[in-house]
Amino acid sequence: MKKASLAGIGMTSLRTRQRLVQRLREKGITDNRVLAVIESTPRHLFVDEALGSRAYEDTALPIGHNQTISQPYLVALMTSLLLGEGTPPARVLEIGTGCGYQTAVLAQLVDTVYTVERIAALQRQTTVRLFQLRVRNVRFHLGDGLLGWPEHAPYDGILVTAAPPEIPEPLLAQLADGGRMVIPVGARNLQRLTVVTRSGEQLEVTQHDEVNFVPLLRGTD
Ligand code: SAH
């Protein structure tokens, strides 16, 4: 693990997380780096206390503001697709901070996560949460993720956790040469998980699972 290590926090729920990891393996997740991080990340601390007992089920859960914490399988799959086979990307842009679970998983695998959220209240809460969990290699930005975060571009990796109807042009422009973007693309209730790899001016696009993410909305709240 890199900069952040959540091992030690949430030891009591380790057994339930190990069962979750087993389920993710059965569903086809093979990247041991990703599985190890999911095993050590206390997902129950990212949801409301009342939902804590369901935190290690492989489902999305509500986090308020009409948003959800992503299903662990999708967090694992998207992280695996972003990492690829070789050296993990160093600097990663995440669009859709939400409760910060995906952010915390990423932060344990890459050097720096630049994360953008459009809902101020959610962002404030998550900034505090990740600070308390001692995840320190994350930079937060309140803004419209459709525009990316140009100040720190280009990024070796871009991970988008809300769905636009098509790939936003500014995000493509902020992807480094050799960089990879993982993004759900499509209609409101059904999208295709899409991976875009840049080599020079060439973009290679591959499509993966059908998914159902909340929409990527314009502007801030
Ligand atoms: N990454 C989260 C899931 C977040 S749900 C997890 O780990 O579970 C998607 C998030 O994207 C929501 O918080 C939503 O407010 C945010 N979002 C939607 N449109 C956005 C935009 N244009 N810019 C930034 N964030 C956006």
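Pro154 sits in the loop between strand E5 (138-142) and strand E6 (155-160); helices (H or I, at least four residues) and strands (E, at least two) are DSSP runs, numbered from the N terminus. The peptide bond that joins Ala153 and Pro154 is cis, with omega at about 5°. His65 belongs to the loop between strand E1 (61-64) and E2. For context, most residues other than glycine have a negative phi, and most peptide bonds are trans.

A word on the model. It is a predicted one, where local features need pLDDT of at least 70 and side-chain atom pairs count only at pLDDT 80 or more, while totals for chains, interfaces and linings use all residues. Residues are numbered from 1 along each chain as its sequence is written, and side-chain values use heavy atoms, with hydrogens and water left out.

Now to the ligand. There are 26 residues around it, and Ser70, Gln102, Glu117, Gly145 and Leu217 come nearest; a residue counts as near if one of its heavy atoms lies within 4 Å of the molecule. Some of these make polar contacts, meaning pairs of N or O atoms within 3.5 Å (within protein, one must be able to donate a hydrogen and the other to accept it, and residues adjacent in sequence count only if both atoms are side-chain atoms). Leu217 puts a backbone N or O atom 2.5 Å from a nitrogen atom of the ligand. From Glu117, a polar side-chain atom lies 2.6 Å from a ligand oxygen atom, and a polar backbone atom of Gly145 is 2.7 Å from a ligand nitrogen atom. On its own the ligand has 580 Å² of accessible area, and the protein covers 99% of that, going by the Shrake-Rupley method with a 1.4 Å probe (for residues, only the protein chains shown count as cover).

As for who builds the shell around the ligand, strand E2 (67-69), helix H4 (101-107) and strand E4 (112-117) each supply at least two residues. E2 gives the most, with 3 residues. By class, the shell has 12 nonpolar, 10 polar and 4 charged residues. Here Ala, Val, Leu, Ile, Met, Phe, Trp, Tyr, Cys and Pro count as nonpolar, Asp, Glu, Lys and Arg as charged, and the others, Gly among them, as polar.

The ligand takes up the space of the largest pocket, a molecule being placed in a pocket if more than half of its atoms lie within 2 Å of the grid points. A pocket is an open set of points on a 1 Å grid over the protein atoms alone, where a 1.4 Å probe fits, with protein on both sides within 12 Å along at least five of seven lines; lining residues have an atom within 4 Å of a point. The volume of the largest pocket is about 530 Å³, taken as the space filled by probe spheres set on points joined across faces, edges and corners. Its lining holds 35 residues, of which Gln67, Thr68, Thr161, Ala162 and Val214 are the closest to its centre.
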